[in-house]
Amino acid sequence: MINYQDNSFGMVRNQLENICDLYRIAQIKLNNLNNNLLNPITDPATINKYRNYINTVELVLHCLTDEDAALIRNACIQRQSFKNLGYSTTTYYCKYRRAAISFLKYFS
């Protein structure tokens, strides 16, 4: 198990952003299942893989505190700027790191 508290902020942020990128990709692929123009994936195993990934991320977000989950949803999944979230730069990075470490503890 990786101890994320000892790692640099960049590594923690990259890990979380990779997970959130895969989450958004899975959501888009599942949302486009019935779109014939985009040639959707019809393999049931692949569809289940995407659903399981989305459910796993949602479960981890549910296990976090409300503030940490909201920060990850807004900053990573929805890609909102920290200026739009109402935090100062220092407060944002402090809260982001805490939320990211909590998230990665559950996810890994």
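Biologist: Is C76 buried or exposed?

Modeller: Buried means under 20% relative accessible area, exposed means over 50%, and partly exposed lies in between, with a 1.4 Å probe and protein chains only. C76 has a relative accessible area of 3%, so C76 is buried. C94, by contrast, is exposed, because its relative accessible area is 53%. Please note that this is a predicted model, in which local features need pLDDT of at least 70 and side-chain atom pairs count only at pLDDT 80 or more, while totals for chains, interfaces and linings use all residues. Residues are numbered from 1 along each chain as its sequence is written, and side-chain values use heavy atoms, with hydrogens and water left out.

Biologist: How many disulfides does a search of the whole structure find?

Modeller: A disulfide is a covalent bond between the sulfur atoms of two cysteines; here it is taken as a pair of cysteine sulfur atoms within 2.5 Å. The search of the whole structure finds zero. For C76, the nearest cysteine sulfur belongs to C20 and is 4.4 Å away.

Biologist: Which residues have the most contacts inside the largest nonpolar core?

Modeller: In soluble globular proteins, nonpolar side chains tend to be buried together. A nonpolar core is a set of buried Ala, Val, Leu, Ile, Met, Phe, Trp, Tyr and Cys residues joined through side-chain atoms within 4.5 Å. The largest one has 28 residues, and L16, L61, I72, Y96 and F103 have the most contacts inside it. At least two of its residues come from each of α1 (9-31), α2 (44-63), α3 (66-77) and α5 (89-107). Such helices are DSSP runs (H or I, at least four residues), numbered from the N terminus. Leaving aside residues up to four places away in sequence, I72 touches several residues, including L16, L61 and F103; contact means heavy atoms within 4.5 Å.

Biologist: At what angle do α2 and α5 pack?

Modeller: Axes are lines fitted to C-alpha atoms, for helices over the stretch in contact, and angles run from 0 to 180 degrees between N-to-C directions. The angle between α2 and α5 is about 125 degrees, and their axes are 9 Å apart. Therefore α2 is oblique to α5, since angles under 35 degrees count as roughly parallel, over 145 as roughly antiparallel, 65 to 115 as roughly perpendicular and the rest as oblique. Y53 and L61 are among the α2 residues that make the contact, and F103 is one of those from α5.

Biologist: Is D68 buried or exposed?

Modeller: D68, in helix α3, counts as buried because its relative accessibility is 5%. D68 touches R98, A99 and S102, not counting residues up to four places away in sequence.
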